[in-house]
Amino acid sequence: MGTTNQTQDAIAATGRYQLDPEIATALAPLAAAAVDAPVIARGDWRALRENANANLAFLASLGAPIADEVQMQSLSIRDDDGAEIRARWYTRGDECPGAAVVYAHGGGMIAGNLDVYDGVIAEYVAATGVPFLSVDYRLAPEAPGPRPAEDVDAAVTWLRNQAAELGVSPERIAIMGDSGGGGVAASAAIIARDRGIGLTRQILIYPMLDDRNLAGDTARAPFLSWTYDMNFTGWSARLGDQLGGEDVSPVTAPARLTDFRGLAPAYVEVGDLDIFRDENIAYAQGLAAAEVPIELHVHPGAPHGFERFAPQSQLARRAMQDRLRVIQDL
């Protein structure tokens, strides 16, 4: 049944979009505290990095303590350019389930580190028993272009080479990431495909995929926790003068991919109040058209990073149940 013009006007006046009530409650004090915060200029990656790192540290403080049964081992992985990449191996006791996940942390491709993601990774490991290898991939602008994805690919190669010692099956390695790290994970999955390395799954949590997504609708503007200006800053740090150009490689911006054939089966998740929503749906459609199995979730009322802001909300719990199911099924 269609709506009348009067109904449409009423909807427009009140706004079609609304935050999930539990998430709105969690965000209210944060929004109040941010009123007097200085505005970060579009393109100022240093200020955005500082702000993002502070926010990631705050979000880490909201998580549950790391479970006693989760063990963490810090290590170093040599990349193809000779650099030593920090990484961390997480296990639950002495279990060897055969599967494993290589994880790329969030941070808009310019921020984040292993330490602020300890709680995130440990929660997945504690709940599933599947070990994780978290990668401290190099950040833009110091590491532009495909380098962050190459760092993650090096971690996949390291894990495959150490598989027998770690009790991992090389055929059961998945790649996972969120936000900027979700984009890096998607790029690393493309590299793996092109080099003939099989991944069992790519798990992409509101991934940052498209350097051309620099402006959009105003209806969702009041709900954005990652804005178009922030997106411009992150992508311009990664691409420089190539931003938005015709020659951007999909191993830097996965949305540029035209041939999705042979990629690992994908789980894609995004909130409806996230600027990455449309590019994530389009990416899932590209995978589906190439006969790549996909599972796509679009959560109404959810902004970028929703489960980190309100981890006890029903929405966050539902999303976590789906992620844990996918990880356990590896």
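Which strands does helix α11 lie across? In this predicted model, helix α11 (residues 314-328) lies across β4, β5, β6, β7 and β8.

- Eight strands form an open sheet with mixed pairing, in the order β1-β2-β4-β3-β5-β6-β7-β8.
- The edges are held by β1 (70-78) and β8 (294-303), each of which has a single partner strand, so one side of each is left without a neighbour in the sheet.
- From one strand to the next, the twist averages 20 degrees.
- Strands of a sheet can pair in parallel or antiparallel fashion, through backbone hydrogen bonds.
- Strand β5 (residues 168-178) pairs with β6 in the parallel sense, over five bridges.
- M176 has I203, in β6, as its bridge partner.
- Helix α11 runs at about 165 degrees to β8.

**Helix α2**
- Helix α2 covers residues 21-34, and its 14 residues should span 20 Å at 1.5 Å a residue; the end C-alpha atoms are 20 Å apart, which agrees.
- At the start of α2, the backbone nitrogen of E22 has a side-chain oxygen of D20 within 3.1 Å.
- Further along, α2 bends by about 35 degrees at L27, and the proline P29 follows within four residues.

**Leucine L214**
- You can find L214 in the loop between β6 (201-205) and α8 (228-239).
- Leaving aside residues up to four places away in sequence, L214 touches R42, Y228, N231, F232 and L243.
- L214 and G119 are 95 residues apart in sequence, and their C-alpha atoms are 31 Å apart in space.

Technical notes. Residues numbered from 1 in each chain as written. Predicted model: local features only at pLDDT ≥ 70, side-chain atom pairs only at ≥ 80, totals over all residues. Heavy atoms only, no water. Helix = DSSP H or I, 4+ residues; strand = E, 2+ residues; numbered from the N terminus. Expected span 1.5 Å × (residues − 1). Bend = angle between axes of the 7 residues up to and from the residue. Polar contact = N/O pair within 3.5 Å; in protein donor to acceptor, adjacent residues only side chain to side chain. Contact = heavy atoms within 4.5 Å. Pairing = 2+ DSSP bridges. Axes fitted to C-alpha atoms, helices over the stretch in contact; angles between N-to-C directions.
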